[in-house]
Amino acid sequence: MISKALIWFKRDLRMQDHAPLVAAQAHDQALGLYIIDPAWLQSSECDPQHVDFTLACLGELRTALAGYLGHGLDASRIWAANGSNEVMTHLLQAFGGPGRSVLSFTPTYSMYPEYARNTHTTYVTVPRLPDFTLTSAMVLAAVAEHRPTIVVITTPNNPTGTTTPLAVIEEVLAGTDAIVVVDEAYQEFARHPERTALTLLGRYGNLVVSRTMSKAFALAGGRVGYLAAAPAIVDACRIVRLPYHLSAQTQAVALVALEHAPELLAQVDELRVTRDEMLVRLPQLGVEVVDSDANFCLFGPFGDRHDVWQRLLDRGVLVRETGPAGWLRVAAGTPVETERFYTALAEVMEEIR
Ligand SMILES: Cc1ncc(COP(=O)(O)O)c(C=O)c1O
């Protein structure tokens, strides 16, 4: 059964004269998604001549992003904003808020609590298993306990790089009416990028897949994040966004980047190889490494990770002191940078032995 995700759309945002929503509404009735009072749709106030506004907002960019993602998506199922930071904020503005909660699984991306705080949404976390994976049973148990409006599953996860299998995500979707946001910020780096939650969108109206141009396109400064979801969820984001939220320059930059996607994504293959080498080389240097599908690896554990971080920095190598206690995160860089990191780490390991 398809979940009625939009039962979560905040009541005070259900503006009955919001014509752009009608098109999506009609479309999503088949999925059982409701933003607008169905009675209004039948009323004389609803003018079907004015209902198809799908492309009125960021039409060209949303069409291009849909083309990039594939999976039969079109602009009506895509939303874009200033980074996936803002996309997530829109979701929480529409579906979170006072008295509601968002659930995530730690260690995970450090900005989620900020989005929650800024939207007065309660932030609830449940620890991942010791190997940083998730099972559907633990996710659904956490959902039953905390009754969140939104569940965030980050895959590959930041800062661990851990992938959550599609089967787990599908079991979660089937087991809850909450909105499930699958944050695939690093999906292009995965060993199997085709194993994406986008493949589940046709079946689950409560699924949101979040993506960004910050990572694989190396365009973090461009500030372009986007999501794929049912049209009614997209239109809920359109209600809460600020007018003209994504500048013409940002849209132009994103469109050019998408036109040149093959060239810009060429480095992804190289970074994947570097990441895979790290998974082999780091244990040879005497540290554990967490299996990663992202463009970074979490390595450790160290009794004093700050000391190791400082010793690496003293050798001109900057890694991230982030994530669970005792662990450090290293990004897959150029071959020269990565060799320098291995050399520095070997020296540090010798020193602290
Ligand atoms: C898991 C995850 N999601 C989202 C983001 C935010 O990306 P953006 O630059 O699109 O806001 C990041 C950035 O580090 C991230 O690690």
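Modeller: Let us begin with a word we shall need: two residues are in contact if their C-beta atoms, placed from the backbone, lie within 7 Å. Please keep in mind that this is a predicted model, in which local features need pLDDT of at least 70 and side-chain atom pairs count only at pLDDT 80 or more, while totals for chains, interfaces and linings use all residues. Residue numbers start from 1 along each chain, as its sequence is written.

Now to the ligand. Around it you will find Gly83, Ser84, Asn85, Tyr109, Thr154, Asn158, Asp183, Ala185, Thr212, Ser214, Ala220 and Gly225; a residue counts as near if its C-beta atom, placed from the backbone, lies within 6 Å of the molecule. This shell holds 3 nonpolar, 8 polar and 1 charged residue. Here Ala, Val, Leu, Ile, Met, Phe, Trp, Tyr, Cys and Pro count as nonpolar, Asp, Glu, Lys and Arg as charged, and the others, Gly among them, as polar.

You will find Tyr109 in the loop between β2 (101–106) and α5 (112–118). These labels come from DSSP runs, numbered from the N terminus: helices are H or I runs of at least four residues, and strands are E runs of at least two. Tyr109 is buried, because 20 other C-beta atoms lie within 10 Å. The cut-offs are 20 or more such atoms within 10 Å for buried, 12 or fewer for exposed, and partly exposed in between, with C-beta atoms placed from the backbone. Tyr109 and Thr154 are 45 residues apart in sequence, yet their C-alpha atoms are 7.9 Å apart in space.

Next, look at helix α4 (residues 83–95), which gives the most to the ligand shell, with 3 residues. What about the largest nonpolar core? It has 88 residues, and Ala80, Leu91, Ile150, Val180 and Leu207 have the most contacts inside it. Such a core is a set of buried Ala, Val, Leu, Ile, Met, Phe, Trp, Tyr and Cys residues joined through C-beta atoms within 7 Å. Helix α4 gives the most to this core too, with 6 residues. Leu91 touches Ile150, Val181, Val208 and Cys237, not counting residues up to four places away in sequence.

Strand β1 (residues 78–81) pairs with β7 in the antiparallel sense over 4 bridges; pairing requires DSSP to find at least two bridges. In that pair, Ile78 stands opposite Ala228. Strand β6 (residues 207–212) also runs antiparallel to β7, joined by 5 bridges, and Ser210 stands opposite Leu227 there.
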